[in-house]
Amino acid sequence: MNTIDSLKDKRVWNSEKVVRTYISVADLQKPEQVILNILQDRLPYWRMLDLGIGGGRTTVHFEPLVYEYHGTDYAERMVEACIQRFPKVGPRTRFFVLDATDMRNAADHYYDFVLFSFNGIDCIAPNDRERVFREVQRVCKPGGYFAFSSHNLLYVPRMYQVKWYRRWREFLYQFYRIAMLIYYNGLPGQYADKKFAVLRDGVEHFSLSIYYIQPEYQVWQLKRMGFRNVRVFSYKTGQEIDHSRLNTLQGDAWVYYLCEV
Ligand SMILES: C[S@@+](CC[C@H](N)C(=O)[O-])C[C@H]1O[C@@H](n2cnc3c(N)ncnc32)[C@H](O)[C@@H]1O
């Protein structure tokens, strides 16, 4: 199994090319838009902590709506890029460096809403993942909300499938990609019985190890840790998934979770 070397990951997130890519995106993913709609009426009264903001994609949408916005990332270059990208922000908006596994500079029970979007939590070593959840519970008010997305282990067999592409370059590239998947991770069958796994899935040219988890197990884990009213949303459609259908999500590369603290 691959291990996650978070220091190496941080170098990747701090690299100029990656920062430039993330700074240029602004669209919300479908489930993020659904979650924003669910919370919209309350956002003007809320203090929001945006973890792992990258180039500020979610800042574009949430910062103008909330009472107070803290945009954070453990990659210093991402935070600097956000400060430059958003010169005109609300009086209670700040961007600063914060490691989601160790938020000692954040006060207890301060935030109404914590977001860790676009699978940022999957860059974190499996042993530290629970620490992130504990830290979220500490910095969030009781009754506050936590939303995040995480890669779906049920999707792994799809990653190895040959697909039809119009452009021959993309068609041929997938054979390289599949060969690399086998090289780094072995064959997909070995993940069928697992609850979670760490894979090199091709993100940033196979330089990052990424955590994948079965949605049903993720929900169980969140409940076990005391999170309440856990809701799951499809990446593909944005629709809420009934918990009885969590084992049928083979088509979603990742899913969003929304829960109460
Ligand atoms: C896939 S990018 C997503 C960026 C942004 N949220 C978006 O949706 O465009 C993951 C981000 O998580 C950040 N990240 C990874 N580990 C982190 C940690 N331990 N604490 C805070 N941020 C972290 C990375 O630096 C990176 O900016």
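Mentor: Quick definition before we start: a crossing is left-handed if the near helix is turned anticlockwise from the far one by less than a right angle, and right-handed if clockwise. This is a predicted model, so local features need pLDDT of at least 70 and side-chain atom pairs pLDDT 80 or more, while totals for chains, interfaces and linings use all residues. Residue numbers start from 1 along each chain as its sequence is written.

Trainee: Which hand does the crossing of H2 and H5 have?

Mentor: Helices here are DSSP runs of H or I with at least four residues, numbered from the N terminus. The axes of H2 (residues 16-23) and H5 (residues 76-85) come within 10 Å, axes being lines fitted to C-alpha atoms over the stretch in contact. As H2 passes H5, the crossing is right-handed.

Trainee: And how are H2 and H5 oriented to each other?

Mentor: They cross at roughly 40°, on a scale of 0 to 180 degrees between N-to-C directions. Under 35 degrees is roughly parallel, over 145 roughly antiparallel, 65 to 115 roughly perpendicular and the rest oblique. H2 and H5 are therefore oblique.

Trainee: Which residues of H5 do Val19, Tyr22 and Ile23 meet?

Mentor: Contact needs C-beta atoms, placed from the backbone, within 7 Å. By that test, the three H2 residues Val19, Tyr22 and Ile23 meet Arg77, Met78, Ala81 and Arg85.

Trainee: What residue follows H8?

Mentor: H8 covers residues 168-185 and reaches 26 Å from its first C-alpha to its last. The residue after H8 has a positive phi, near 75°. That residue is Gly186.

Technical notes:
Helices (H or I, at least four residues) and strands (E, at least two) are DSSP runs, numbered from the N terminus. The expected span of a helix is 1.5 Å times one less than its number of residues. Two residues are in contact if their C-beta atoms, placed from the backbone, lie within 7 Å.
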